[in-house]
Amino acid sequence: MDRETLGQRIRALRIRQGVSQAQLAFPELSDSYISLIESDKRVPAPSVVELLAAKLNCSATYLVSGVSEDVVDELRVTLDYAEIALSNGAAAEARARFAEVLASADAVALPEMLHQARWGHALALESAGELERAIAELTALTEEASAETDLDHWAKVHVALSRCLRERGDISAGVRAAENALRHLIATGADSTDAAVHIGAALLAAFIERGDLVRARQLATQLVERAERIGGPRARMVAYWEAAYVAEIRGEYEDGVALAERALMLAGDGEDPRNLSRLRVIYAGLLLRARPDQAARARELLTRVRDEINASASGEIDVAWCLTELARAETALGRPAEAVRLAEEALDLLGDAPRRATAGALTVLGEASVRLGRRDRAVEVLTRAATCLEEMESSREAAQAWFDLAEVLAETGTAEEPRMAAYRRALTCVGV
């Protein structure tokens with residue numbers, strides 16, 4: 001059944017209250033204008049809608065949507081609850097509440113509320129690890145979003161899409177999503193904005209994961225310069241965060257630690273708890289690599305982060321990354337058995353889908369297995385890690401995994417051919 005139009009609702013309320021068009025119009029409007037509105041030949045400005053709502057003793061929301069204030073309030077409470085659940089990392093609860101709003105027939109008449117529910121639902125799906133569904137929803141949102149209307153939200157949607165594509169393993173698609181968004185900002189003269197910094201950071205992350213370190217380093221330098229010149233605190237934080245990752249990949253661990261510390265200093269109280277946890281995990285990982293003598297400090301930080309994300313029921317991927325870095329710290333501290341337990345816990349969370357987080361956990365599990373003298377197990381999991389990374393286009397990481405496997409094979413006295421095959425796969429991954 002079709003809903004009443006705005007004009008039809010105004011006419012029905014006017015007649016129900018025994019008011020003529022002239023009486024409703026007086027003194028601000030003309031009765032002819034009221035007639036045009038009621039016949040849907042004119043669309044009144046928001047200020048006029050507010051005026052008519054006051055005169056007809058109803059809300060402007062009801063006039064525009066036809067949805068009663070009680071129903072709007074109920075949907076708003078559900079939406080607010082979903083937002084709180086999402087910010088606390090309760091992905092399943094957030095997903096269910098957002099879906100409840102989306103399933104409401106009344107929400108169709110409330111476009112802003114409907115959009116908010118769709119955006120939140122996509123993020124909840126990502127947090128729950130349902131990447132295919134998240135990507136489908138985010139793709140639809142990017143097609144509808146307008147950089148001219150709401151630049152910050154437009155950037156957030158494109159960043160989220162690029163991030164989900166990369167996490168699924170489709171790194172080239174992640175690069176394209178960020179590149180196309182950045183080109184649009186440049187073409188429209190919006191490249192000197194916080195939004196451009198955030199899009200640039202998404203592109204930088206994709207370059208790193210694809211193993212394109214030359215372009216990554218160039219972009220990291222540009223990103224930091226742009227953020228320091230025109231960016232707000234959060235834009236600078238994101239730029240330092242991604243530049244720290246580039247430094248880590250290039251083996252410039254001390255530079256990475258310094259950049260990560262600058263990012264943490266800029267992370268205010270209003271920062272998304274999930275992003276803050278991710279940044280702390282990255283910082284702890286850099287400490288492990290830059291300052292092995294501070295492995296205990298890194299472990300302490302990761303243990304605190306783990307307690308925080310467990311308390312907030314964070315998404316599986318975030319929990320798995322923390323467990324993986326914690327396992328790496330335990331290996332560095334000479335406790336490989338505990339590292340194995342943590343890495344296997346991370347893998348249980350992630351399931352069978354090929355993901356970067358899965359490859360990372362497998363790599364750490366392989367390292368710990370070597371320390372325990374479980375060579376066969378190490379070969380098995382490192383092979384899985386390398387194969388997973390190859391499938392995901394992570395050429396640099398895949399090359400390192402094949403190289404690590406070749407070294408383990410050499411230590412176990414394996415025949416030459418399997419070792420040489422692993423070395424050849426490593427070289428192939430880096431284009432040699």
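Reader: Which residues are buried in H6?

Author: In this predicted model, the buried residues of H6 are Val 72, Leu 75, Thr 78, Leu 79, Ala 82, Ala 85 and Leu 86. Seen down the axis of H6, these buried residues fall within an arc of 150°, so they line one face of the helix.

Reader: Why would residues three or four places apart point the same way?

Author: An α-helix has 3.6 residues a turn, so residues with that spacing point the same way.

Reader: And which residues are exposed on the other side of H6?

Author: Asp 70 and Val 77 are exposed there.

Reader: What do the buried residues of H6 pack against?

Author: They pack against four helices, namely H5 (60-65), H7 (91-102), H8 (111-127) and H16 (273-290).

Reader: What span should H6 have, at 1.5 Å a residue?

Author: H6 covers residues 69-87, and its 19 residues should span 27 Å, which agrees with the 27 Å between its end C-alpha atoms. Just after H6, Gly 89 takes a positive phi of about 85°.

Reader: Switching to charges, how many salt bridges are there?

Author: The count comes to 30 salt bridges. One of them joins Lys 55 and Glu 28, whose closest N and O atoms are 2.7 Å apart. This pair links distant parts of the chain, with Lys 55 in helix H4 (residues 46-55) and Glu 28 in the loop between helix H2 (21-25) and helix H3 (31-38), 27 residues apart.

Reader: Is Lys 55 buried, partly exposed or exposed?

Author: Lys 55 counts as partly exposed, because its relative accessibility is 26%, and Glu 28 is also partly exposed, at 47%.

Note on methods: Residues numbered from 1 in each chain as written. Predicted model: local features only at pLDDT ≥ 70, side-chain atom pairs only at ≥ 80, totals over all residues. Heavy atoms only, no water. Helix = DSSP H or I, 4+ residues; strand = E, 2+ residues; numbered from the N terminus. Expected span 1.5 Å × (residues − 1). Buried < 20%, exposed > 50% of the residue type's maximum accessible area, 1.4 Å probe, protein only. Arc of directions from axis to C-beta. Contact = heavy atoms within 4.5 Å. Salt bridge = Lys/Arg side-chain N within 4 Å of Asp/Glu carboxyl O.
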